[in-house]
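Colleague: I'm new to this one and would like to learn how to read it. Could you put it on the screen and take me through it?

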Amino acid sequence: LSLVCISMFPLIIIFSGVYGFFLQQYETDYKSEVAKLENCLFEIMTGIKTIKYLQLQNHFSKKYSMLKKNIENVARKRAFVTGVGISFSYTLTLCIQAILYYYGLKLVFIGEYSSKKMFETFTLLLFTIMTCSNLINQIPEVARGQRAAIWTYRIIDESRNTKEEVDKHGRKVMMSKTLDNKGMIRIQDLTFFYPGCENKRVYKKLNLVLGSANTVAIVGESGAGKSTLISLLTRLYDPNKNAVFIDGTDVLEWNLGALRNQIAVVEQTPVIFNGTIRDNLIYGLNISITEVEMIKALQKVDIYDFIRTLPEGLDYQVDTELLSGGQLQRLCIARALLAKKRILILDECTSALDAESSTIIHNIVSGGIPHTLVIAITHDKQMMKACQDIVVFKNGMVVQQGQYNDLESMTGEFKRIVNNFDS
């Protein structure tokens with residue numbers, strides 16, 4: 001009787017393998033469609049004002065409906081496969097039990113088994129069959145767990161593969177020999193294009209040197225390559241080897257975390273986290289910051305007097321409805337100042353601000369920040385005047401460099417850009 005039961009096991013194994021294979025496929029498709037729908041909802045919620053301004057409600061409504069329909073189709077198939085698998089497993093279990101009943105009774109009739117022995121053996125085999133059946137019913141959960149484990153191990157492997165040996169300054173221990181340090185940032189013969197756009201080069205043998213403890217304005221028309229510079233300095237994209245140097249070391253030879261620990265970026269749209277003003281000021285900092293330092297940073301951006309009027313002061317829960325765009329931007333700059341980075345990048349940080357807030361930021365840049373290279377990507381004339389040096393980009397190359405008054409008196413790209421602002 002046991003041999004008859006064992007002979008059925010290959011059928012159970014084959015069914016489990018086929019069922020698990022198809023279920024895992026449908027589980028992956030279902031999770032992918034859920035992710036697409038979640039991304040669409042996030043895009044709609046974060047851009048609801050823009051959607052209403054541009055009358056795009058119908059477009060996003062159709063996009064949402066299409067994704068919802070796709071997920072319903074995949075969910076229906078997933079449910080069908082799960083249902084068929086579970087029902088077939090129960091059918092298979094009952095068929096095996098019926099075969100065992102039949103063969104057991106046959107052995108009793110011919111006298112090979114007594115009734116007692118038959119029921120003892122059958123009970124043990126029945127427990128075995130039910131256990132196998134329960135394992136088959138767990139295949140949907142196993143498939144979900146397997147998918148989660150694949151992503152988890154992929155993250156672990158990526159972390160292990162990108163782990164770098166570095167020295168105490170954050171450079172890789174085994175690094176190629178670089179040229180003598182001639183500036184905080186040095187770019188030489190940089191040629192770059194975005195992945196998938198090999199025919200459209202952003203930079204064509206770009207050369208640029210920016211010294212430390214300096215304020216530099218990066219100027220140029222849209223598409224000239226100004227913002228791409230941030231991506232390369234922070235290694236959101238990797239440049240070609242021996243093309244971009246920070247503190248005399250090729251950015252490719254820096255440990256990624258140590259490199260980004262040298263740079264602070266203040267973007268055009270202020271990014272404020274859910275929490276108190278104090279939490280936002282020290283968020284992510286790996287150095288100890290005293291309250292006196294916080295107050296000095298807030299005074300430097302001329303927002304401390306306002307914060308003192310709030311009910312809890314620094315412990316006030318940030319409310320983006322109460323604080324203006326200029327105040328939020330100044331908080332971001334104060335956070336960057338407290339981080340004490342060696343490079344501070346201001347990416348069009350005054351483009352959406354009122355005159356008073358812009359003037360305060362201009363004064364900060366004009367006064368300079370000790371031991372910090374300030375790079376201001378801007379279209380603002382006042383910001384250009386506040387900087388010690390101006391670099392003019394055109395078609396991925398530096399076409400002019402110098403002080404505001406000198407460049408304005410010369411015929412060239414800078415004067416054309418300034419005249420366009422005036423008109």
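Colleague: How much space lies in the largest pocket?

Modeller: First, a word on the source: this is a predicted model, where local features need pLDDT of at least 70 and side-chain atom pairs count only at pLDDT 80 or more, while totals for chains, interfaces and linings use all residues. Residues are numbered from 1 along each chain as its sequence is written, and side-chain values use heavy atoms, with hydrogens and water left out.

Modeller: Now the pocket. On a 1 Å grid over the protein atoms alone, a pocket is an open set of points where a 1.4 Å probe fits, with protein on both sides within 12 Å along at least five of seven lines; lining residues have an atom within 4 Å of a point. The volume is the space filled by probe spheres set on the points, which are joined across faces, edges and corners. Here the largest pocket holds about 790 Å³.

Colleague: Which residues lie nearest the centre of the largest pocket?

Modeller: Look for Ile 263, Ala 264, Val 265, Arg 335 and Lys 341, out of a lining of 28 residues. Two or more lining residues come from each of helix H7 (226–233), strand E6 (263–266) and H12. H12 gives the most, with five. Those labels are DSSP runs numbered from the N terminus: helices (H or I) have at least four residues, strands (E) at least two.

Colleague: How do the residues of that lining divide by class?

Modeller: There are 15 nonpolar, seven polar and six charged residues in the lining of the largest pocket. In this scheme Ala, Val, Leu, Ile, Met, Phe, Trp, Tyr, Cys and Pro are nonpolar, Asp, Glu, Lys and Arg are charged, and the others, Gly among them, are polar.

Colleague: And what about the second largest pocket?

Modeller: That one has about 310 Å³ of space. Its lining has 14 residues, with Lys 300, Leu 337, Leu 338, Lys 340 and Ile 369 nearest the centre. Helix H10 (291–300) and H12 each give two or more residues to this lining, and H10 gives the most, with four.

Colleague: Is H7 buried or exposed?

Modeller: Buried means under 20% relative accessible area, exposed over 50%, and partly exposed in between (1.4 Å probe, protein chains only). Seven of the eight residues of H7 are buried, so this helix is largely enclosed by the rest of the structure. Among them are Lys 226, Thr 228 and Leu 229.

Colleague: Which residues have the most contacts inside the largest nonpolar core?

Modeller: A nonpolar core is a set of buried Ala, Val, Leu, Ile, Met, Phe, Trp, Tyr and Cys residues joined through side-chain atoms within 4.5 Å. The largest has 50 residues, and Ile 277, Leu 281, Leu 298 and Ile 390 have the most contacts inside it. H12 gives the most to this core, with eight residues. Take Leu 298: leaving aside neighbours within four places in sequence, its contacts (heavy atoms within 4.5 Å) include Leu 281, Ile 303 and Leu 331. Apart from that core lies another, of 33 residues, including Ile 187 and Val 251.

Colleague: In what order do the strands of the open sheet run?

Modeller: Strands of a sheet pair through backbone hydrogen bonds, either parallel or antiparallel. Two strands count as paired if DSSP finds at least two bridges between them. The four strands here go E2-E1-E4-E5, with antiparallel pairing. E2 and strand E5 (249–250) are the edges, each pairing on one side only. Between strand E1 (residues 185–192) and strand E4 (residues 244–246) there are three bridges, and Ile 185 stands opposite Ile 246 in E4.

Colleague: What do E9 and E10 form?

Modeller: A hairpin, with two residues between the strands. Strand E9 (residues 389–394) and strand E10 (residues 397–402) run antiparallel and are joined by five bridges. Lys 394 has Met 397 as its bridge partner in E10. In the turn, Asn 395 has a positive phi of about 55°.
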